Amino acid sequence: MAAKQAEQALVERWRDVLALHARTQCEIDRALTEHRLCASDFEVLDILARGSGPDDCSYRVQEISERVHLSQSALSRLIARLEKDGLLERGMCPEDRRGVRVSLTAKGRALHGEVLPVQRAVLARMLT
């Protein structure tokens, strides 16, 4: 009986985590609507803005996919849309010609700087 209760408590805890994630994601989406972004768009911009070094703000698409919770096809569509909007650019990987590197444009960096405080305010409100 105690094992069943522990299992049920674990399931409830998991559902609470999922509910918090869903509510937070929706709040971020709402807050970023006026900037014509959604939470997933922002995550990609944020990853690219915080590259591994001051001069390296590009990532292989595969590296981005390991950090965002999207399918490969959904990420590809998102990247194509952000590229069409002039927020990022794609280029060939010098180390692997089959790979694609993605980086922010000046417009993408400016928009990221503008919406960063908005996204962080939502996180602070929802997670504290």
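1. Basis of the model. Because this is a predicted model, local features need pLDDT of at least 70 and side-chain atom pairs count only at pLDDT 80 or more, whereas totals for chains, interfaces and linings use all residues. Residues are numbered from 1 along each chain as its sequence is written, and side-chain values use heavy atoms, with hydrogens and water left out.

2. The sheet. Three strands form an open sheet in the order S1-S3-S2, with antiparallel pairing. Strands are DSSP runs of E with at least two residues, helices are DSSP runs of H or I with at least four, and both are numbered from the N terminus. Two strands pair if DSSP finds at least two bridges between them. The edges of the sheet are strand S1 (58-60) and strand S2 (88-92), each of which pairs on one side only. On average, neighbouring strands of this sheet are turned by 30 degrees against each other, direction ignored. For such angles, axes are lines fitted to C-alpha atoms, for helices over the stretch in contact, and the values run from 0 to 180 degrees between N-to-C directions.

3. Strand pairing. In general, strands of a sheet pair through backbone hydrogen bonds, either parallel or antiparallel. Here S1 and strand S3 (residues 100-104) pair in the antiparallel sense over three bridges. Within that strand pair, Arg 101 in S3 is the bridge partner of Arg 60. S2 and S3 also run antiparallel and are joined by five bridges. Met 92 stands opposite Val 100 in S3.

4. Strand S3 is largely enclosed by the rest of the structure, because four of its five residues are buried. Buried means under 20% relative accessible area, exposed means over 50%, and partly exposed lies in between (1.4 Å probe, protein chains only). Helix H4 (residues 72-84) lies across S2 and S3 and runs at about 115 degrees to S2.

5. Ser 40. This residue is found in helix H2 (residues 39-49). Ser 40 has a relative accessible area of 19% and is therefore buried. Beyond residues up to four places away in sequence, Ser 40 touches Gln 25, Leu 70 and Leu 78, where contact means heavy atoms within 4.5 Å.

6. Thr 24. Helix H1 contains Thr 24, which is buried at a relative accessible area of 7%. Leaving aside residues up to four places away in sequence, Thr 24 touches Val 122, Leu 123, Met 126 and Leu 127. The C-alpha atoms of Thr 24 and Ala 39 are separated by 9.4 Å, the two residues being 15 residues apart along the chain.

7. A nonpolar surface patch. Which residues form the nonpolar patch on the surface? The patch consists of Trp 14, Val 17 and Leu 18, with about 310 Å² of accessible area together. Patches are made of residues with over 30% relative accessible area and no salt bridge; like charges are joined within 9 Å, and nonpolar side chains (Val, Leu, Ile, Met, Phe, Trp, Tyr) within 5 Å. Accessible areas come from the Shrake-Rupley method with a 1.4 Å probe, and for residues only the protein chains shown count as cover. Trp 14 lies in helix H1 (residues 2-32) and is exposed, with a relative accessible area of 53%.

8. Side chains of opposite charge can pair when their charged atoms come close. The structure holds seven salt bridges, each defined as a side-chain nitrogen of Lys or Arg within 4 Å of a carboxyl oxygen of Asp or Glu. In one of them, Glu 12 is joined to Arg 15, with the closest N and O atoms 3.7 Å apart. Why are Glu 12 and Arg 15 separated by about one helical turn? They are three residues apart in helix H1, which accounts for that separation. Glu 12 is partly exposed at 36% relative accessible area, and Arg 15 is partly exposed at 48%. Glu 27 forms a salt bridge with Arg 30, the closest N and O atoms being 2.7 Å apart. Glu 27 and Arg 30 also lie in helix H1, three residues or about one turn apart. Arg 30 counts as exposed at 53% relative accessibility.

9. The side chains of Arg 50 and Asp 46 meet in a salt bridge of 2.9 Å, N to O. Elsewhere, salt bridges that share partners join Glu 27, Arg 30 and Arg 125 into one network.
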